[in-house]
Every structure is written in structure tokens, then in C-alpha cells.
Amino acid sequence: MNSFLPESIQKVIDEFSRLPGIGPKSAQRLAMYLLQSPEMRIGSLANAVSNVKKGLSFCVDCFNIAASEKCRICEDTMRARNQICVVEDILDVVALEKTRQYKGLYHVLHGVLSPVDGIGPEQLKIEDLKTRTAGLLASGMVAGEIEIIIATNPSLEGETTAMYLTKLLKPFAVKVTRIARGLPAGGDLDYADEVTLTRALQGRMDYI
Ligand SMILES: [Zn+2]
């Protein structure tokens, strides 16, 4: 397809098409947009893209993206240490942070349980959540004062994961809550608007 296009442009279109949420039409439009952009803008885009992973890693505590050993949220001494909001990916942290309502910490699972796709607990940061919870208790925190907020998406996989986590955390006797269902079923946390997310967070309920 589009074999009449110069190879350099076709390559850009192919690369854009591989990005999530970008279809072939959008990829073409983006490529055309770049063609019309000044050289300098393209240079700075290329630079930003090629540097995206440099110096970044995952936070040793919550697995959010971090520029040093721990992420900015974990390093923030003003955040409540007894609240951990469990999310599927980093974009969910971004979405929840935008609401400015949540003052606790996070735990990024880096996916959800999905047996059909071969994703089991070992592929996710699930064992780490267990270790982290045990660590909080070992540090002298009272179980009843620890809240694990499960904020996986309201999809089948998200619910399955929430249920799995609840069972996993039960022996620790910590408070486990689930964000409210103000979110559209099958919806994505990072697509929800700030008001909906705030409501979902405020309306969370005990999850057993
Ligand atoms: Zn962190």
C-alpha cells in the first residue's frame, strides 16, 4: 500500500501505525503533518523520542517511572504512607494525579491478569505488593490503618485482578477498598475525565 510514496515517508507511516490508538489513516496524517513542519520541530521531536528511556527506570517501591531509585511520589514526604492505590499502568498514575485528590502512594502492576494472553501473577508486580504490605506491617504500622485501594479498570481482567489481590491481601488484615463504579464498564481509567475519577476515588468501598 502507498508504494508510490517515498520510502522515508512510508517508514514514518509504518512506525506511527505501530503506536497504540493510531490507525493507518492517522499515521498518514501525522506523517504529512511532519512533512509540513519546520526542520527544527522535527529535530526536537526526534530528539525527545530517542531520549525517552534515557536515565529512566522503575521506582523500586511502586514501579512507577522514576528518574532515580524512587519516583517523585514515593520520595514526597507529604504523601500518606498508609494508603496504596493499585493501578494497572503508569498512565493511571498520571490520570489519578491530575485529580489532585489522592495523597497516598501507588503500586503499578504493569498489566492485569489475563490467562488467555498468558499473563499470570508472575508477570505482574503482584508478589511485590505482598512484600510491600508485609513491609509496612513490619515497620510497625497497624493493619487496620493501612488501606490498599484497588483501582484496576472495570474490565473483566481488571475485576479478576481485583479479586485475586483481595484474596492475596486477606491474611494481612489490611483494609482493601475498590474504587467506585462511576467509571464506564470496560472503560479505561486513563481516559476518564477528572470529575469521574475523583468521584470513583471518593466513592470507594470495602472490597471483600
Ligand atoms: Zn514510587
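## Contacts, burial and helix packing

User: Which residues does leucine 56 touch, not counting residues up to four places away in sequence?

Analyst: This is a predicted model. Leucine 56 lies in the loop between helix H3 (39-50) and strand S1 (57-58). With residues up to four places away in sequence left out, leucine 56 touches Ile65, Ala66 and Ala67.

User: Is leucine 56 buried, partly exposed or exposed?

Analyst: Buried needs a value under 20%, and exposed needs one over 50%. The relative accessible area of leucine 56 is 38%, so this residue is partly exposed.

User: What distance separates the C-alpha atoms of leucine 56 and threonine 160?

Analyst: Along the chain, leucine 56 and threonine 160 are 104 residues apart.

User: Where is threonine 133, and which residues does it touch beyond four places in sequence?

Analyst: Threonine 133 belongs to helix H6. Its relative accessibility is 0%, so threonine 133 counts as buried. Leaving out residues up to four places away in sequence, threonine 133 touches Ile148, Leu169, Phe172 and Val174.

User: Is glutamate 127 buried, partly exposed or exposed?

Analyst: Glutamate 127 also sits in helix H6, which covers residues 126-138. Exposed requires over 50%. Glutamate 127 has 49% relative accessibility, so it counts as partly exposed.

User: Is H1 parallel, antiparallel, perpendicular or oblique to H2?

Analyst: Helix H1 spans residues 7-17 and helix H2 spans residues 24-36. Their axes come within 8 Å and cross at roughly 130°. That angle makes the relation of H1 to H2 oblique.

User: Is the crossing of H1 and H2 left-handed or right-handed, and how many nonpolar residues does the contact have?

Analyst: The crossing of H1 and H2 is right-handed. H1 contributes Ile9, Val12, Ile13, Phe16 and Ser17, and H2 contributes Pro24, Ala27, Gln28, Leu30, Ala31, Met32, Leu34 and Leu35. In this contact of H1 with H2, no residue is charged, two are polar, and the nonpolar count is 11.

User: How is H5 oriented to H8: parallel, antiparallel, perpendicular or oblique?

Analyst: The axes of helix H5 (residues 90-99) and helix H8 (residues 194-202) come within 9 Å. They cross at roughly 90°. This makes the orientation of H5 to H8 roughly perpendicular.

User: How many charged residues are in the contact of H5 with H8?

Analyst: On the H5 side are Ala95, Leu96, Lys98 and Thr99, which meet Glu194, Leu197, Thr198 and Leu201 of H8. By class, this contact of H5 with H8 has four nonpolar residues and two polar ones, and the number of charged residues is two.

User: How many disulfides does the count give?

Analyst: Cysteine 59 has 1% relative accessibility and so counts as buried. Cysteine 71, at 1% relative accessibility, counts as buried. A disulfide needs a pair of cysteine sulfur atoms within 2.5 Å. By this rule the number of disulfides is zero.

User: What percentage of contacts with a separation of 6 or more joins residues 24 or more positions apart?

Analyst: The protein has eight helices and seven strands. Its C-alpha trace spans about 65 × 35 × 35 Å along the principal axes. Of its 208 residues, 40% are buried. Among contacts with a separation of 6 or more, residues 24 or more positions apart account for 55%.

How values were computed:
Residues are numbered from 1 along each chain as its sequence is written. This is a predicted model: local features need pLDDT of at least 70, side-chain atom pairs count only at pLDDT 80 or more; totals for chains, interfaces and linings use all residues. Side-chain values use heavy atoms; hydrogens and water are left out. Buried means under 20% relative accessible area, exposed over 50%, partly exposed in between (1.4 Å probe, protein chains only). Axes are lines fitted to C-alpha atoms, for helices over the stretch in contact, and angles run from 0 to 180 degrees between N-to-C directions. Helices (H or I, at least four residues) and strands (E, at least two) are DSSP runs, numbered from the N terminus. Angles under 35 degrees count as roughly parallel, over 145 as roughly antiparallel, 65 to 115 as roughly perpendicular and the rest as oblique. A crossing is left-handed if the near helix is turned anticlockwise from the far one by less than a right angle, and right-handed if clockwise. Contact means heavy atoms within 4.5 Å. Ala, Val, Leu, Ile, Met, Phe, Trp, Tyr, Cys and Pro count as nonpolar, Asp, Glu, Lys and Arg as charged, and the others, Gly among them, as polar.
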